[in-house]
Amino acid sequence: MVAGRVMVVGGTHGNERNAPWLLQAWRRHPALLRSSGLALELVLGNPAAHAAGARYLDQDLNRSFVPALLDAPDPGGRERQRARELLALHGPEGSAPCLVALDLHSTTAAMGNSLVVYGRRPADLALAAGLQQRLGLPIYLHEQDRSQTGYLVERWPCGLVVEVGPVPQGVIQSTICRQSQLTLEAALEVLAQARCGALRQPARLVVHRHLGSLDLPRHDDGSPAAVVHPQRQGRDWQPIGAGEPLFLTAEGVTIPFHPQADQGEAAVRAVFINEAAYGEKGIALSLTRREAWPVESSWGQALQGLASNLQTPG
């Protein structure tokens, strides 16, 4: 494997302002970020959308890394072109290659300081386990959702998303920035340990495995017929039982939660409740199941093998 850096991305969505503000500060004053002796590539994900203060211009950049779209002969929209550019510059075979992608996001949902892992790549799981061991962060394991694909971190050999919230779109808050930086620095510590063969892993990894998503009830014309119930708003990561309030109509009628038959009897937990950006995707919240997995030695071996090729500054 070619040697490479750790790519730290902010502003994959142009109206999320906290991570780009941190990137600018770290460029001006590198000593503000503890890099754990690793070479970093600080990248503004979607500069055009950031300048416009919009989540994206043509399509969501964080859904634009679908291989079939990237390989298509037509140029596509601005985000697809940016995806190709990022891979050409900092992909594993790019001109300035990176091996790990750490994508810093903020959310309007009450997710706290959390991680998102896409699929079950061993190196990703090892990195997430190391972070959870240090900071106790909840982990949303997103997988098997054909309607939501093409995430940036999936195109790098190892990568995960840091999500911190709640914070309104377009707003910079000191607490959000501080939590983002703490998580990034902890991730770099884990990678540095893996690089020198001294990775410490916990006995288990606790994940919230994606089961599916729910939209708001809608009228025939597609407009919302109800909103998230006040007893559910802000209760990300908390169990939701059958019959509990889920949505509320303008007339004051409560619509309860009805679990699907294939979701089993174990507790279901909601995440990304009422995330502002997900309305256009038909998602009012996503449902998960909390699971504790034994940490496998092969995960750490995969991360240490990859991290041994991470560069140091200079």
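Me: Against which elements do the buried residues of H1 pack?
Reply: In this predicted model, the buried residues of H1 pack against strand E1 (5-10), strand E2 (40-44), helix H2 (47-52), strand E3 (98-106) and H6. Helix H1 covers residues 18-28, and its buried residues are Asn18, Ala19, Pro20, Leu22, Leu23, Ala25 and Trp26.

Me: How should I read the packing of H6 and H7?
Reply: Two packed helices are described by the angle between their axes and the distance between the axes. Here, the axes of H6 (residues 174-195) and H7 (residues 297-307) come within 7 Å and cross at roughly 85°. Helix H6 is therefore roughly perpendicular to H7, since angles of 65 to 115 degrees count as roughly perpendicular.

Me: Which residues of H6 and H7 meet?
Reply: From H6, the residues are Val190, Leu191, Ala194 and Arg195; from H7, they are Leu303, Gln304 and Ala307. The residues of this contact comprise 5 nonpolar, 1 polar and 1 charged.

Me: What should I know about a nonpolar core, and how many residues has the largest one?
Reply: In soluble globular proteins, nonpolar side chains tend to be buried together. In this model, the largest nonpolar core has 50 residues, and those with the most contacts inside it are Val6, Val100, Leu102, Leu127, Leu191 and Leu303. Helix H6 supplies the largest share of this core, 10 residues. There is also a second, separate core of 26 residues, which includes Phe65, Ala109, Trp237 and Ala277.

Me: Which residues does Val100 touch, leaving aside residues up to four places away in sequence?
Reply: Val100 touches Arg5, Val6, Met7, Cys158, Leu191, Leu306 and Leu310. Among these, Val6 and Leu191 are also listed with Val100 as having the most contacts inside the largest core.

Me: How many aromatic pairs does the whole structure hold, and how are the rings of Tyr118 and Tyr151 arranged?
Reply: Planes under 30 degrees apart count as stacked. A search of the whole structure finds 4 aromatic pairs. The ring centres of Tyr118 and Tyr151 are 4.0 Å apart and their planes lie at 20°, so this pair is stacked. Tyr118 lies in strand E4 (residues 112-118), whereas Tyr151 lies in the loop between strand E5 (139-142) and strand E6 (158-165), so the pair ties together parts that are 33 residues apart in sequence. Elsewhere, ring pairs link Tyr140, Phe272 and Tyr278 into a cluster.

Me: Are Tyr118 and Tyr151 buried or exposed?
Reply: Buried means under 20% relative accessible area. Tyr118 has a relative accessible area of 11%, so Tyr118 is buried; Tyr151, at 4%, is likewise buried.

Technical notes: Residues numbered from 1 in each chain as written. Predicted model: local features only at pLDDT ≥ 70, side-chain atom pairs only at ≥ 80, totals over all residues. Heavy atoms only, no water. Axes fitted to C-alpha atoms, helices over the stretch in contact; angles between N-to-C directions. Helix = DSSP H or I, 4+ residues; strand = E, 2+ residues; numbered from the N terminus. Parallel < 35°, antiparallel > 145°, perpendicular 65-115°, else oblique. Contact = heavy atoms within 4.5 Å. Nonpolar A, V, L, I, M, F, W, Y, C, P; charged D, E, K, R; others polar. Core = buried A, V, L, I, M, F, W, Y, C linked by side-chain atoms within 4.5 Å. Buried < 20%, exposed > 50% of the residue type's maximum accessible area, 1.4 Å probe, protein only. Phe/Tyr/Trp six-rings, centres within 6.5 Å; stacked < 30°, edge-to-face > 60°.
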